[in-house]
Amino acid sequence: MATENHFSQKNRLLRIMRLLRQFRPNLPVAYRSNRVLLFPGGHSFFRSLHTALRSAERFILAEYYMIHADRTGAAFAAELAEAVRRGVSVWLIYDYVGSIETPTSFFEGMSRQGIKLIPFNVPSFKHGMRWFDLRDHRKMAIIDGNLAYLGGFNIGDEYSGIVESSQRFRDVGFSISGSAVSELVVYFSETWQIETGELPQLPPTGGDANAHPRPSGQADIVIVSGSPHHLRSYIRNTFLLNIASAEKEILIATPYFVPGPRMIRSLLRAARRGVKVRLLLPARSDAPLVRLLGCSYYGTLLRQGIEIRELGREILHAKVMLIDGERTVIGSANLDQRSFHRNHELNGVIDDVTFGRQIKKLLLKDFANSRRVTVEGHERRGLMVRFLEKVINLFGWFL
């Protein structure tokens, strides 16, 4: 048994080393002494975001997959317009496909208020149909280069929580203040340049004090950017690396679960070496075909002792993974092929025991309010459901 465990640990270390090598030459930088705040729901997130927007003095950079022309969208637009009137420079990127239901007049109104904005990946058939499959799935707002808001929240009433509970999206967000924000500014600028051919002309930082911000907290943060332009999926490799490093427990919440064989193997290896693996997935989804495809993985995972629960009171949209209660992977990326390979994504890997404790408390509450999936119950699904799972699996890459 000891020999078997020795070889298991050796293989695990080799996998970790291989994953680390796949980040080269862009090995992520760890930013020390950042302050991170968790926002466990839409009300607290948007209230804090609006307060931060009102405090902006030099510039605001915002990048969102989806912006609705509803109460939440109107309030967000009003805060940006008010910032412009104070003399703050505001840049906004929104995904064309993600915001396709939002009237063009809504964005034209923002432009007339002095907000510099661009849609990401406007339809163009000069590159064939590939344009349709590329999305900017990031959710980010940066204030003055030293404070950023990230997570899974889009700009809409279903995210801020001012709709009926059955229509609400269960999401989480967080803010970062400290040196890690500088990398987020770079990623925003790169995306702006991809779409316009020019970098945004940001106001000067105002001296060495701002160029080298003082430590403001205890969290060590690695920012991981995903892009279809990358030769390898840094987003997927980050998930795999953290799963491989787990020793005691892995807690995962994700709304769209199309992990692929490598991710499944990684979760199964963790379970076999004694790590407690628990998944929180949606009982109902805004993408029912994706949910049905995700259910096809249940049997393999459940038979290896991995716990699966489904949240039904709200529509799960949070994207969080907690490793051993202290290291959190959180941001815009789902455990699906689209986030791994075809979306622009942003995740933070936050190494902070206090933040990890808050995440664990939040996730355990959601686990307690969810329905546990059993092997027996899963096997009782009908023949039609099994048939649909096999059919949809043929097109899983495109979902």
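How many residues has helix α8, and how far does it reach from its first C-alpha to its last? Select residues 234-245: helix α8 has 12 residues and reaches 16 Å from its first C-alpha to its last, close to the 16 Å expected at 1.5 Å a residue. The expected span is 1.5 Å times one less than the number of residues. Helices (H or I, at least four residues) and strands (E, at least two) are DSSP runs, numbered from the N terminus.

This is a predicted model, in which local features need pLDDT of at least 70 and side-chain atom pairs count only at pLDDT 80 or more, while totals for chains, interfaces and linings use all residues. Residues are numbered from 1 along each chain as its sequence is written, and side-chain values use heavy atoms, with hydrogens and water left out.

**Stop 1: the cover of α8**

Stay on α8, where 11 of the 12 residues are buried. Buried means under 20% relative accessible area, exposed over 50%, and partly exposed in between (1.4 Å probe, protein chains only). Among the buried residues are Tyr 234, Arg 236, Phe 239 and Ala 244.

**Stop 2: strand β11**

Strand β13 (residues 276-282) runs parallel to β11, joined by 5 bridges, and Ala 253 stands opposite Leu 280. Strand β16 (residues 320-323) pairs with β11 in the antiparallel sense over 4 bridges; here Ile 250 has Ile 323 as its bridge partner.

**Stop 3: aromatic rings**

Show the rings of Phe, Tyr and Trp (its six-membered ring). They pair if their centres lie within 6.5 Å; planes under 30 degrees apart count as stacked, over 60 as edge-to-face and the rest as tilted. The whole structure has 14 aromatic pairs. Phe 39 and Phe 45 make an edge-to-face pair, 6.0 Å centre to centre with 80° between the planes, and both residues are buried.

Next, select Tyr 159 and Phe 169: their ring centres are 4.9 Å apart and their planes are at 45°, so the pair is tilted. Tyr 159 lies in helix α5 (residues 157-160) and Phe 169 in strand β8 (residues 169-170), so the pair ties together parts that are 10 residues apart in sequence.

**Stop 4: positive phi angles**

Select Ser 33, in strand β1 (residues 30-39). Ser 33 is not a glycine, yet its phi is positive, about 55°. At 24% relative accessibility, Ser 33 is partly exposed. Then go to Asp 144, in the loop between β6 (139-143) and β7 (147-151). Asp 144 also is a residue other than glycine with a positive phi, near 60°. Asp 144 is buried, with a relative accessible area of 9%.

**Stop 5: a loop proline**

Select Pro 103, in the loop between β3 (89-95) and α4 (104-112). Pro 103 is partly exposed, with a relative accessible area of 41%.

Technical notes:
Pairing = 2+ DSSP bridges.
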